[in-house]
Number of protein chains: 2
Amino acid sequence: MSIAGDLIRGHTEAVILARLMISDSYGYEINKNIMTISNGQLELKEATLYTAFRRLEASGFITSYWGDGDAARRRYYAITPLGREEYARLSYEWENTKQIMDKLLKGDT
Amino acid sequence: MSIAGDLIRGHTEAVILARLMISDSYGYEINKNIMTISNGQLELKEATLYTAFRRLEASGFITSYWGDGDAARRRYYAITPLGREEYARLSYEWENTKQIMDKLLKGDT
DNA sequence: ACTTTTTACCTCGCCTGTCAATGTATATTA
DNA sequence: TAATATACATTGACAGGCGAGGTAAAAAGT
């Protein structure tokens, strides 16, 4: 089973920021990591990924820079202090969403 | 805090079906129940709610009928056997999504 | 040597679900 | 009798995900 787009809509940015909390990284690697961690169940499509980067950068949550030497083809992203705040906020929001959804889907009451 | 639309996008139908697993109900009541259960944190906007009903009915997951007597103004919805299957499927999907999202947001690895 | 696959970036335009705005009409409460 | 709550519904705008398409270098396979 793989996760349909609408199920993670609104969580894409949180997932990306979570990756950048570990270390700077670039698009291709971030996506590979997401696929590995999710056992192949979640793959952010490239168009989705790159538009998300644009949004995050425009919002000041990440910055980007081109790698050098061997990594010259890669555009690296780094999370900003504001981005760390946003990550915390989105994490909390996810916990909250989980709780409510669990209540709503449980079916008693 | 209230839940933004994009966070539950793709789960709206699951929430509605969960309500109809309890008993037949109508739009206004379903929405009130959702608000109560979520402590006012989730409200399906009317346009969202009614378009979801249309989709669910078109897919054969629910049927509808007009109330009689005092309830003559209400359009009741009932879940179908196919809808029960869909509910089970969406519940499982939710559990799966939770697990993966938790892994992805946790931040280690 | 050359062919294929992988790595790595990016954009355009469509699709779908959400929602603000708007409309109608009855029942209840102040 | 005025205001609020109940109850239905549609339209058009908006935003995020994604299929399809494009470029180019590096690595691996033959």
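This is a short tour of the structure, one selection at a time.

**Before you start**

You are looking at a predicted model, in which local features need pLDDT of at least 70, side-chain atom pairs count only at pLDDT 80 or more, and totals for chains, interfaces and linings use all residues. Residues are numbered from 1 along each chain as its sequence is written, while chains are lettered from A and ligands numbered from 1 in the order in which they are written.

**Stop 1: chain A**

Select chain A and colour it by secondary structure. You will find five helices and three strands; these are DSSP runs numbered from the N terminus, with helices being H or I of at least four residues and strands being E of at least two. Follow chain A from the N terminus and the order reads α-α-β-α-α-β-β-α. Along the principal axes, the C-alpha atoms of chain A fill a box of roughly 60 × 30 × 20 Å.

How much of chain A is buried? Of its 109 residues, 28% are. Here a residue is buried if 20 or more other C-beta atoms, placed from the backbone, lie within 10 Å of its own.

**Stop 2: where chain B touches chain A**

Now show both chains. Their contact takes 30 residues from chain B and 31 residues from chain A; two residues are in contact if their C-beta atoms, placed from the backbone, lie within 7 Å. On the chain B side, α1 (5–8), α2 (12–22), α3 (27–37) and α5 (81–106) each supply at least two residues. Which of them gives the most? Select α5(B), which contributes ten residues.

Colour this side of chain B by class and you get 17 nonpolar, nine polar and four charged residues. Nonpolar means Ala, Val, Leu, Ile, Met, Phe, Trp, Tyr, Cys and Pro; charged means Asp, Glu, Lys and Arg; the others, Gly among them, are polar.

**Stop 3: DNA strand D**

Select DNA strand D and the 21 residues that surround it, the closest being G5(A), T12(A), A47(A), Y26(B) and G27(B). A residue counts as near a strand if its C-beta atom, placed from the backbone, lies within 6 Å of it. Highlight α4(A), which provides the largest share of this surface with five residues. By class, the surface near DNA strand D has seven nonpolar, five polar and nine charged residues.

**Stop 4: DNA strand C**

Finish with DNA strand C. Of the 21 residues around it, Y26(A), G27(A), Y28(A), G5(B) and A47(B) come nearest. Here α4(B) gives the most, with five residues. The surface near DNA strand C divides into seven nonpolar, five polar and nine charged residues.

Terms used
A residue is buried if 20 or more other C-beta atoms lie within 10 Å of its own, exposed if 12 or fewer, and partly exposed in between; C-beta atoms are placed from the backbone.
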